[in-house]
Amino acid sequence: MEPAPARSPRPQQDPAQPHAPTMPPETPSEGRQPSPSPSPTEQAPPLEEEFQFLRCQQCQAEAKCPKLLPCLHTLCSGCLEASGMQCPICQAPWPVGADTPALDNVFFESLQRRLSVYRQIVDAQAVCTRCKESADFWCFECEQLLCAKCFEAHQWFLKHEARPLAELRNQSVREFLDGTRKTNNIFCSNPNHRTPTLTSIYCRGCSKPLCCSCALLDSSHSELKCDISAEIQQRQEELDAMTQALQEQDSAFGAVHAQMHAAVGQLGRARAETEELIRERVRQVVAHVRAQERELLEAVDARYQRDYEEMASRLGRLDAVLQRIRTGSALVQRMKCYASDQEVLDMHGFLRQALCRLRQEEPQSLQAAVRTDGFDEFKVRLQDLSSCITQGKDAAVSKKASPEAASTPRDPIDVDLLPPPAHALTGPAQSSTH
């Protein structure tokens with residue numbers, strides 16, 4: 001009796017492949033680009049692409065001695081030895097107290113072996129398992145390739161089900177694998193049997209298949225023996241029920257995953273908006289500082305022009321007085337050297353009045369105009385502008401260092417760099433005069 005194979009919906013994506021986190025920048029899992037879903041008019045995927053899941057999920061090489069981990073990832077023996085105490089795919093640690101961290105994946109091994117036979121058949125390279133001649137038949141019972149002569153001897157003694165390779169080459173890989181997936185090749189687990197015997201009995205107490213003789217001799221578990229097909233069917237139904245429960249769990253995790261994905265998107269948008277706000281506010285601050293720079297420079301230049309004109313006027317008067325003093329002194333010295341007595345008498349009165357008027361000139365009144373402290377008000381305005389920016393920076397640093405400020409949510413529009421005070425915008429330059 002051969003139970004009907006359990007059918008399960010074919011997933012569109014291999015659930016054994018790890019899901020890559022959807023953090024920026026996003027990269028497909030396993031380092032491979034996802035292939036688009038084929039349209040109904042497209043042909044079936046190539047053999048190697050369809051059975052990529054048989055490869056080691058760590059190194060992506062053909063898995064030799066594939067090992068199934070408790071986290072349900074499959075590794076080759078080499079990657080398993082180098083994995084340490086956790087899965088290299090999902091970083092799940094080995095269960096505490098487990099005798100072995102992995103199980104021989106006999107399903108993958110059997111499927112690899114049958115695929116290897118299928119490749120030989122379709123490539124017309126199949127050779128007889130016994131005599132190494134070109135094979136013409138495949139025995140489903142013995143799982144052997146046979147030439148025509150070996151097939152005749154094989155059928156004479158065993159009469160197993162065998163099919164011509166020419167017929168098998170017309171089948172798809174799924175049809176071939178479905179035909180080779182048999183359940184009647186289970187042998188008795190008694191190691192004392194020299195020749196393994198097919199069995200249809202399963203002992204649930206020993207957890208082993210038994211032949212009829214071993215089942216009769218084992219009287220301790222007589223009530224625990226059952227048909228092995230029923231046991232297989234029950235285990236398959238149990239796995240199907242667990243799979244349905246996992247599908248419900250998948251829905252719950254998928255909903256949370258979608259929420260987290262949306263949260264990640266919101267986080268990215270909030271970051272972009274905040275960065276743009278910072279750039280815009282900094283541009284505003286820089287533009288304001290540039291405007292203040294132009295205003296201060298223009299005010300300084302206007303103050304300089306005003307004071308320069310006033311000082312230049314006084315400097316001109318001072319030059320004229322100096323010129324008169326030096327001219328008078330030079331004239332008196334020359335008259336002393338070259339003028340006659342009559343010329344001294346004639347010119348003395350005029351020179352005396354001119355020199356007396358010149359003596360009345362006071363240079364102290366001109367010294368009051370020689371001042372450079374008229375630019376101090378601009379230095380004060382500059383200091384106010386600088387303090388407005390640097391005080392905001394100091395406040396931001398103090399808030400960052402404070403645990404209370406770090407834990408308090410802030411509005412994204414709350415920016416520490418505030419505009420300067422009103423007096424720094426208008427200033428006293430336009431109204432103050434000296």
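Q: What makes the 18 residues in the largest nonpolar core of this predicted model a core?
A: A nonpolar core is a set of buried residues of listed kinds, such as Leu, Phe and Trp, joined through side-chain atoms within 4.5 Å. The 18 residues meet this and therefore count as one core. Among them, Trp-138, Leu-145, Leu-165 and Phe-176 touch the most other members.

Q: Which elements give two or more residues to this core, and which gives the most?
A: Helix 3 (106-122), helix 5 (165-168) and helix 6 (173-180) each give two or more. Helix 3 gives the most, with six residues.

Q: What does Leu-165 touch, leaving out residues up to four places away in sequence?
A: Leu-165 has contacts with Ile-121, Ala-126, Ala-135, Asp-136, Phe-137, Trp-138 and Leu-145.

Q: Why are strand 4 and strand 6 said to pair?
A: Pairing needs at least two bridges. Strand 4 (residues 137-139) and strand 6 have three, in the antiparallel sense, and therefore pair. Cys-139 stands opposite Ala-162 in strand 6.

Q: What makes strand 5 and strand 6 edge strands?
A: The open sheet has the order 5-4-6, and strand 5 (144-146) and strand 6 (162-164) each pair on one side only. Neighbouring strands are turned by 25° against each other on average, direction ignored.

Q: Where does helix 4 lie?
A: Helix 4 (residues 148-157) lies across strand 4, strand 5 and strand 6, at about 115° to strand 5.

Definitions and conventions:
Residues are numbered from 1 along each chain as its sequence is written. This is a predicted model: local features need pLDDT of at least 70, side-chain atom pairs count only at pLDDT 80 or more; totals for chains, interfaces and linings use all residues. Side-chain values use heavy atoms; hydrogens and water are left out. Helices (H or I, at least four residues) and strands (E, at least two) are DSSP runs, numbered from the N terminus. Axes are lines fitted to C-alpha atoms, for helices over the stretch in contact, and angles run from 0 to 180 degrees between N-to-C directions. Contact means heavy atoms within 4.5 Å. Buried means under 20% relative accessible area, exposed over 50%, partly exposed in between (1.4 Å probe, protein chains only).
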